[in-house]
Amino acid sequence: MANATDQSLLEALLDSWDRNNTILVNLLRAVPEGGLAVRAMEGSPSVAELFTHIHYVRLVFVLEDAPEFARKLPEEEWFAERDPDRIARLLNESAKEVRDAVKSKVEAGRDMDLHYDHPVLLLQHMIWHEGYHHGQIKLALKLGGRPITDKEAGPVTWGVWMRKK
């Protein structure tokens, strides 16, 4: 890294990634009983499958762009894990893998191996991808009769983004 300003900016970007993962795990923890099996409609992925897909996608992009940080991929991309604690562990593990890969590449001044003009773009892609699925999860739960209210979701989502340290 060139200087303290660059390091400060990298830390802010990594903090945004950490907050994104916290929000995702918070959403998982807010899913009501039976909600992991809910689907927006027949043929759509279940809420559990959306969470495990997010984990899988993180790992695939690290494998393709920073293989030195990669670990073995799950056998399935969309698996219906029923244990929220296990899903949370998977999400935390893959979030750390993405974080470590991006941090290392930026600090070393190295490009990603396959995608992206800059390693930070991996973080931005993942945040966009996960926000998209966050909305799908909330909509599926609403359609399935197990909504998470804005009053419940706000403090564990928007509140995480907006709080100062």
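Glu107 is partly exposed, its relative accessible area being 31%. In this predicted model, the side chain of Glu107 forms a salt bridge with Lys103, and the closest N and O atoms are 3.0 Å apart. Both residues belong to helix 3, and because they are four residues apart there, about one helical turn separates them. Lys103 also counts as partly exposed, at 24% relative accessibility.

## Salt bridges between separate elements

Side chains of opposite charge can pair when their charged atoms come close. Across the whole structure, a search finds 14 salt bridges. One of the pairs joins Lys105 to Glu68, with an N to O distance of 3.7 Å. Lys105 lies in helix 3, whereas Glu68 sits in the loop between helix 2 (47-65) and helix 3, so this pair ties together parts that are 37 residues apart in sequence. Lys105 is buried, with 0% relative accessibility; Glu68, by contrast, is partly exposed, with a relative accessible area of 43%. The two residues also take part in a network of salt bridges that links Glu68, Lys105, Arg110 and Asp113.

Another salt bridge brings together the side chains of Asp150 and Lys138 (3.7 Å, N to O). Asp150 is in helix 5 (residues 150-156) and Lys138 in helix 4 (residues 120-143), so the pair links distant parts of the chain, twelve residues apart. Asp150 is exposed, at 63% relative accessible area, while Lys138 counts as partly exposed, at 23%.

## Packing of helix 1 against helix 3

Helix 3 (residues 84-108) also makes a contact with helix 1 (residues 4-30): the axes of the two helices come within 10 Å and cross at roughly 170°. That angle makes helix 1 roughly antiparallel to helix 3, because an angle over 145 degrees counts as roughly antiparallel. The residues of this contact comprise 14 nonpolar, three polar and seven charged.

## Nonpolar surface patch

Trp161 is partly exposed, with a relative accessible area of 32%.

Key:
Residues numbered from 1 in each chain as written. Predicted model: local features only at pLDDT ≥ 70, side-chain atom pairs only at ≥ 80, totals over all residues. Heavy atoms only, no water. Axes fitted to C-alpha atoms, helices over the stretch in contact; angles between N-to-C directions. Parallel < 35°, antiparallel > 145°, perpendicular 65-115°, else oblique. Nonpolar A, V, L, I, M, F, W, Y, C, P; charged D, E, K, R; others polar. Buried < 20%, exposed > 50% of the residue type's maximum accessible area, 1.4 Å probe, protein only. Salt bridge = Lys/Arg side-chain N within 4 Å of Asp/Glu carboxyl O.
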